[in-house]
Amino acid sequence: MFPSGKKIRKSRKTVAGIAGATTAALLLAACGGDSGGDSADGGLDKVTVQLDYQLRGNHGMFYVADKLGYFKDEGIDVDSIKTGTGSPDALRIVGTGGADFGFADLPSLVTARSQEVPVTTLAAVNQTSPLAMCTVKDKNKLTSIDDLKGMTVGIHAAGSTFLFYQALLAGNGLDRGDLKEVSVTPPYENYLIQGKVDTVPCYIDAEVPQLEDAAGGKGSLDVLLGSEHGYEAYGSGLFTSDDMVKNDPDLVQRFTNAYIKAFGYVMKHPDKTAQILAESSPENRDKADLFERQIQADIDHTFTSAVTEKHGLGAMDKQAWQATIDALADQDVLKGGTPGVADVHQEKFVEKAAKAGAGSGAGNDAGN
């Protein structure tokens, strides 16, 4: 993934410079005429990736595409995949050119866009939000939204979980005053296990498997999934900057092709994907089981929809985007103005990847 001394064709910034200055042949290669990726000199385009959090199962597409050579097949060398401290930071880093591609909560992308951060979605990985409210079942039953009334909730007043919490309450006729709020800091799920709060927002594809282990095993939590209680919004997805889309659409297309092909592999091989993630660094060596459970939660609940059944993994549609924007606008969290549907996504790249069969070719890799 991070080769030393590997031959690099050119950075994407170099591509832009060449396109603006020299021959027509180089201009064609840089702007999309050569969808095959590799240039005549056999080099690779070097890119960087910024994740939203520490490594999770839904980051597997990046690592699979790198490990199995999908990026290389598209003429791309991923120089680094950096973990992050939250979606807002990941969006800011990519939007300001600190990384080329990223992974983040898509409602947070809408919020960032309203604040003029120039980022746009390439693929909706979670077709529905993986966010939920969690309790330790033996201490607090949570089988309906009204059960939240009177509970002490741990909230971190920033980022995706806070957006979700506010929207869930508002969409179900509850007020924040119906709960007792306690400010917590990440990893705030620990407050739930320690009994300092009754409930917290939680990701079913991140914290829930760990919380279950800490609380007594599978079935030890009550999990109220937002998507089943009126929270109509995308979860997380692949994104890039407006600058990348404008100046190097061919590279964006090739990156999306590789990513969607890896997505197909992840769907078919969550166990092998988990092993690839575990082998990505020494600190993740013992987490294969956790990664697999995180991936399986997404396969069971969020990776697919009627839209993906028709148009392929990662597909997006305008109606779902409008629902995501409306959910945020209703909370009055879009301080810089409400972006339009066309402002927050670019469906042409994932559509072209699907037409090329990128998400369906993973069966050929079953033996890897």
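These are my notebook entries on a predicted model of one protein chain.

**Ground rules**

I worked with a predicted model, in which local features need pLDDT of at least 70 and side-chain atom pairs count only at pLDDT 80 or more, while totals for chains, interfaces and linings use all residues. I kept to residue numbers that run from 1 along each chain as its sequence is written, and to side-chain values that use heavy atoms, with hydrogens and water left out.

**Entry 1: the whole chain**

Of the contacts between residues at least 6 apart in sequence, 80% join residues at least 24 apart, a contact being heavy atoms within 4.5 Å.

I followed an open sheet of three strands in the order 9-6-10, with antiparallel pairing; two strands pair if DSSP finds at least two bridges between them. Strand 9 (200-203) and strand 10 (221-225) are the edge strands, each pairing on one side only. Neighbouring strands of this sheet are turned by 40° against each other on average, direction ignored.

I looked at strand 6 (residues 131-136) and found that its antiparallel pairing with strand 9 runs over four bridges, and that leucine 131 stands opposite tyrosine 203 in strand 9. Helix 7 lies across strand 6 and strand 9, and runs at about 85° to strand 6.

**Entry 2: two helix pairs**

I next asked at what angle helix 6 and helix 7 pack. Helix 6 (residues 106-114) and helix 7 (residues 159-171) pack at about 95°, with their axes 9 Å apart; the axes are lines fitted to C-alpha atoms, for helices over the stretch in contact, and angles run from 0 to 180 degrees between N-to-C directions. Helix 6 and helix 7 are therefore roughly perpendicular to each other, a term that covers 65 to 115 degrees. Pro107, Ser108 and Thr111 of helix 6 make the contact with Gly159, Ser160 and Leu163 of helix 7. The residues of this contact divide into two nonpolar, four polar and no charged, where Ala, Val, Leu, Ile, Met, Phe, Trp, Tyr, Cys and Pro count as nonpolar, Asp, Glu, Lys and Arg as charged, and the others, Gly among them, as polar.

I then turned to helix 11 (residues 249-268) and helix 12, whose axes come within 5 Å and cross at roughly 115°. On the helix 11 side I listed Tyr265, Val266, Met267 and Lys268, which meet Pro270, Lys272 and Thr273 in helix 12. The residues of this contact divide into four nonpolar, one polar and two charged.

**Entry 3: enclosed elements**

I checked helix 3 (residues 60-67) and found six of its eight residues buried, so helix 3 is largely enclosed by the rest of the structure. The buried residues in helix 3 are Gly60, Met61, Phe62, Tyr63, Val64 and Ala65. Glycine 69, which follows helix 3, has a positive phi near 85°.

I also checked strand 7 (residues 152-155), where both faces are covered, with Thr152 and Gly154 buried on one side and Val153 and Ile155 buried on the other. Strand 7 pairs in the parallel sense with strand 8 (residues 180-183) over four bridges, and glycine 154 stands opposite valine 182 in strand 8.

**Entry 4: single residues**

Is asparagine 284 buried or exposed? Asparagine 284 is buried, with a relative accessible area of 7%, and is found in the loop between helix 12 (270-278) and helix 13 (288-301). The side chains of asparagine 284 and serine 281 are joined by a polar contact of 2.7 Å, meaning a pair of N or O atoms within 3.5 Å; within protein, one must be able to donate a hydrogen and the other to accept it, and residues adjacent in sequence count only if both atoms are side-chain atoms. Leaving aside residues up to four places away in sequence, asparagine 284 touches Leu55, Leu277, Ala278 and Phe291.

I noted that aspartate 100, in the loop between helix 5 (87-95) and strand 4 (101-105), counts as buried at 6% relative accessibility. A polar atom of the aspartate 100 side chain lies 3.0 Å from the backbone nitrogen of threonine 48.

Note on methods:
Angles under 35 degrees count as roughly parallel, over 145 as roughly antiparallel, 65 to 115 as roughly perpendicular and the rest as oblique. Buried means under 20% relative accessible area, exposed over 50%, partly exposed in between (1.4 Å probe, protein chains only).
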